[in-house]
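Open the model in your viewer and keep the sequence beside it. This tour tells you what to select next.

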Amino acid sequence: MLLPSLAILSGLLLLVWSADRFVAGASATAQHFSVPPLLVGMLIVGFGTSAPEMVVSVLAASQGNPGLALGNAWGSNIVNMALILGITALIAPILVRSVILRKELPILMAVTALSALLVWDGVLSRLDAAVLLLVFGTLVTWSIVEARAGGGDTLATETATELQAHAMPLRRALLWLGMGLLLLVSSSRLLVWGAVSIAQSLGVSDLIIGLTVVAIGTSLPELASCVAAARKGEHDIALGNVLGSGLFNTLAVVGLAGVIAPMDIGTDVLTRDLPMMAGLTVLLFAMGWGFRGPGRINRLEALVLLALYVGYTGWLLASMTPGA
């Protein structure tokens, strides 16, 4: 197991670094082509931070490991909403001021409900996956329309500030974009091989590996960007990273994996992982919507999120024991 463990470790390190370079290159390139900052914040950053999940899940599905693909996508959502937002809000409570993000909160709930409806029969077919991709395409169109109309939104202001602070020449931006994408693919192949090898050696399902080690690893770019944004007072960027990643993971990542390899959805997924993801989505809506003013995720709520993640992880580990 030494070689697979080293593959996972080196794959995760390369994945985190290449994802950061990919996001930086993509954002700077978009700025050179006069893409509105709000569209960068809503779409390009969301795509970039979900690129690890997308590449890992597509590779896993194409290699006959759909459980790893699904576990990575949904596990990353759980990690993002519970662990990453919990850590971020514990460091600096998150104030939700963006009108756009207030619109994305119920959209994420609706998308999660749609996913549950599609897989409730125990199968994610190619038709189900195509529906997810169609909804994703609709949301991309909506993002473009909102970006053109909502230039004064706080998310646009914070994103524009970040773009100016990390401006780079077009040639360098394209270099980071291409190099980041190349390393994303190669490090993901290394990570998938290591994860599948360890799962087979331990006799556990690739779904469990996807929900734990791989999900945490592919979510590290979100953790770094969320903590950095929160410490700068850029609260909407911090929450926007999680919401954007959640939409990408649920629709594009699962949709692409399902188109490549339709998969059976186990009972444990329907009774454990899906309810956890759905419950966190509802909880995030309740915290972030702000029924009596701006939404806010305070430190007490951060501790609740972290406690939920610890409990869920314990549940996963218990399911790995013989006879569980």
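Which residue just after α2 takes a positive phi? Select G64: its phi is about 85°. Before moving on, note that this is a predicted model, where local features need pLDDT of at least 70, side-chain atom pairs count only at pLDDT 80 or more, and totals for chains, interfaces and linings use all residues. Residues are numbered from 1 along each chain as its sequence is written, and side-chain values use heavy atoms, with hydrogens and water left out.

**Helix α2.** Now select residues 37-62. Helices here are DSSP runs (H or I, at least four residues), numbered from the N terminus. Of the 26 residues of α2, 21 are buried, so the rest of the structure largely encloses this helix. Buried means under 20% relative accessible area with a 1.4 Å probe, protein chains only. Go to S50: a kink of about 50° lies there, shortly before the proline P52. That bend is the angle between axes fitted to the seven residues ending there and the seven starting there.

**Helix α7.** Next, select S187, in α7 (residues 170-202). S187 counts as buried because its relative accessibility is 0%. A polar atom of its side chain lies 3.2 Å from the backbone oxygen of L184. Leaving aside neighbours within four places in sequence, S187 is in contact (heavy atoms within 4.5 Å) with G11, L14, L15 and S18.

Technical notes. Helices (H or I, at least four residues) and strands (E, at least two) are DSSP runs, numbered from the N terminus. Buried means under 20% relative accessible area, exposed over 50%, partly exposed in between (1.4 Å probe, protein chains only). A polar contact is a pair of N or O atoms within 3.5 Å; within protein, one must be able to donate a hydrogen and the other to accept it, and residues adjacent in sequence count only if both atoms are side-chain atoms. The expected span of a helix is 1.5 Å times one less than its number of residues.
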